[in-house]
Every structure is written in C-alpha cells, then in structure tokens.
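This is a short walk through one structure for a reader who has not seen it before. Please look over the sequence and the model, then read on.

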Amino acid sequence: MQSGSNPSDRRLTSSLSDVRAVSRKMVGVFTENIAPCRTLPGELLHGDVTSVTRMCLELALTVVDGGDVPAKITWLEDAAAQWAREGIPLDTIHSAVHEGFRLGTDLVHARATAADFATVKGHVRQLLDVLDVITKTMSRAYVRELRAVVAEHHTAAHTLTSALLSGHTATSSMIRECGIDVVDAYHVLAVALPPHPEEQLPGVDAKVVARRKLRRVQSALATGHRGQTLALLSVTGGTVLIPAALPDGDLDDLVTTLSRAGQIPVTAATVTTDRADIPAAAHHAHDLLDTVQRLHRRPGLYRLGDLALEYQLTRPGPGLDSLVGMLNPLDGHPELLQTLETHLGNGLDRQTTARQLHLHANTVDYRLKRVTKLTGYDPSRVSDQGLLRAALIARAHNGDTAADPSESPTRSTAHEIPPRRPTRPNHTAV
C-alpha cells in the first residue's frame, strides 16, 4: 500500500475520524436498507454488528493513511465464526459489509473536488483491497465454522437415530445436541437409492457421483417437515424416521421429491409405529422393501396393503419352498415361464399375450399346454390359477425368473409340491 500522508488524504478522511459515531450511523442504515438486518436481535445490532462495523472502518482508515492491515483482523474471524453458529446468513453479512463500504466511500468523497481526482482514484483501489481482505477473512472463517457445526449436528443426529432404531432411550443430551425433538410416533421408511446414471460412465469417479447424489437426497430430507426428519443413509439407501404428524398421503410426495433431488428413481416402503416399536417396524419396512425389489416392482412408495399377498407368500419357510418347487419342471424352459407369466398377467387373454410376445395365438396355446404337461397345473383351470400366480411370485422373490432360470439358487426339495400326473399328451416345446 502506498502511504497516504498528503494533506488531501487527511482532509478527505477526516469525516471518518469519529469511527464510533460513523459506525452507529452505518448500523442504522443497515436496518433500514437491508431487510434481513431488521430481524436481527437489538443486542446483536448494537453489540457485535456495531463492533465489526467499527473494526472495518478502522482497517479502511489504517490502509488509506498508509498503514498495514493489523494482525488483530483475526477478531473478524472470531465474529464470523460466532455468527455462523448463530445462524446469521452469510449473504446478510456480505450485504452489510458492502453497504458499509458504500457509505464510507460516500462520506470520504463528499468533499472531493476535481483537484482530488488522483487521490480519489488511489482511495478506490485501496478500499477495494481492504474489502477483498475483509470478505475473504470473514467468508473463510464462516464456512469453516459452519462445516464444524454441520459435522457436530450430523454426529448428534446419527447417534439419536441409531438409538431410536436400536430401541435405546434417547437421552436429553442427544436431543439437545442435534436440536431435533423426539415425538411419540413415526413413519419408518426403508429407502433404496439406485446408482445415478453417471456412476456408470467411463472416466467418471463413481464414488464422487454417488456422494453428490446422497448429499442432494439428505438436503431434501433436511428441508422437509420442519427439519425434524432423522435418517441413516448410505449411497445405496437406509432408514428414515419422519414424525407421524406428517399425513400418510404426503409420504408419496416426499419420495417423489427425493427422486427429483437425487435424480434417481427412489423405491421405499413404509410402516407407521409408536416410538417404542421403531426397531421392529424398521425390520418390517426393510423386509417389505426387499419384497418390492425382488419382485422388480416399479419405483415409488409401498405400504403393506399394496403387497400383502406377495409379502406373505414370500416369507421363508416350507410354504415358500413348496411354491417355488411347483415350477421346477419348467427349469430350462424360459420361454414357457415367460409365456405363463405374461398370460396370467394379461388376464388369460391369449390374443394380448400373443401380441406382446410376438407369437401366433396357437403358439401361445401350445406353450401353455406344455406348462400343464410338465407341471400338472393347468393355467386355464380356475383352481390352478391362484397356485400358479403364487408360484411365480415365489420364484421371482427367490431370483428365479423366466429370463434366466439358470441362476436359481439350490433349495431343499423336502417340502416341494410334486407335479401332478400328466393329463395331456406329450408335445415338443416350442
């Protein structure tokens, strides 16, 4: 900085010599011209804000008068860090700083004449240097402190959520540290986050893309229901606790919001429960989500009522093994499984099935007869249709699909339902 020792400098800056009076005047202008400042507490405006304004004025005068920025600029860092913890928006701070510099510049140059052009030009450059230092100093301290606050909140919220999901009592210190009230009942959501399309792109860091996806989803959750949502999420999904005060119907909109935020099709299952039963409800919700995924259902939100039959049919045990075994004779015949599944899904409309599979209707009939021949269960028989539908659900849940039956896991056959005796002549599979 060049020294500002000439008489013109001293004459122009004399209007700022009473920094206390000028700083109070500036704070008054802040409350009039900067809307967010009007909502700040009076003790903050007349305390820290006025002090910081005075400090900035002193820094500006020091530089204009030829001095260096003093080491006590760290005081500004402390103030910015404190404001970050108090939740004062950073844009409000920047607005006040810039407004203060505009006012100070007006006061300094109010007495300037044409003869002071060179001096004014030098002042502008010096003030811009000071503004740069102040902005960088306060922004750096604010962001650093905000990151620490977020980390503390995340840890506290993580501890609180873990306690609720494990059935432990949430202590008052946990609740106080994370700033989230614990309520009596929750919607428990089991959430699945699929990979973002960019995670599959060559040359792209998939981990970075996945973390960005997760942050967007977490941000969307944090802004919902007054910030009272608790979540344990990874890049693939997890568990979310939402106060039951949120209407159940709004949960569908929430899942849509999360899909939009993450830029992925989110799938979730929900169970509503009292706080004491959260662990069991979370297990139930994830079981339901597992059923949704195994059956390759569309993304969206599912409740037990949406999949009551499928959920019950896919519970582990002899019943599930028996249902899966019903269609074991079709292993190695994926075209028969595909035809059976498509035909039942089309309400036994052979013309629709034929169009969908690009087959002649007679070929559909032929394949369905082969199903009957191999399994002993006739898709055209009302009493067999329910069993065949249940068997297809069981196979899909176990990963046995018409597309690739070779991937079927090995299971015990002790409780399998044996094929019925053939009722029709043998035919060559189409």
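The place of Gln263 is in the loop that runs between helix H9 (250-262) and strand E4 (267-274). Although Gln263 is not a glycine, its phi is positive, at about 60°. Gln263 counts as partly exposed, because its relative accessibility is 47%. The model shown here is a predicted one.

A positive phi of about 60° is also found at His358, again a residue that is not a glycine. His358 sits in the loop between helix H14 (350-357) and helix H15 (361-375). Is His358 buried or exposed? With a relative accessible area of 72%, His358 is exposed, since the cut-off for that class is over 50%.

The largest nonpolar core has 24 residues. Leu164, Tyr186, Leu230, Leu241 and Ile278 are the ones with the most contacts inside this core. Which elements each supply at least two of its residues? They are helix H6 (117-166), strand E1 (185-192), E4 and helix H10 (278-294). H10 gives the most to this core, namely 7 residues. In soluble globular proteins, nonpolar side chains tend to be buried together.

The last stop is a charged part of the surface. Lys207, Arg211, Arg212 and Arg215 gather there in a patch of positive charge. One of these residues, Arg212, is found in helix H8 (residues 206-222). The relative accessible area of Arg212 is 46%, so this residue is partly exposed.

How values were computed
Residues numbered from 1 in each chain as written. Predicted model: local features only at pLDDT ≥ 70, side-chain atom pairs only at ≥ 80, totals over all residues. Heavy atoms only, no water. Patch = residues over 30% accessible without salt bridge, like charges linked within 9 Å, V, L, I, M, F, W, Y side chains within 5 Å. Areas by Shrake-Rupley, 256 points an atom, 1.4 Å probe, with all protein chains shown as cover. Salt bridge = Lys/Arg side-chain N within 4 Å of Asp/Glu carboxyl O. Lys, Arg positive; Asp, Glu negative; His and termini not counted. Charge placed at Lys NZ, Arg CZ, Asp CG, Glu CD. Helix = DSSP H or I, 4+ residues; strand = E, 2+ residues; numbered from the N terminus. Buried < 20%, exposed > 50% of the residue type's maximum accessible area, 1.4 Å probe, protein only. Core = buried A, V, L, I, M, F, W, Y, C linked by side-chain atoms within 4.5 Å.
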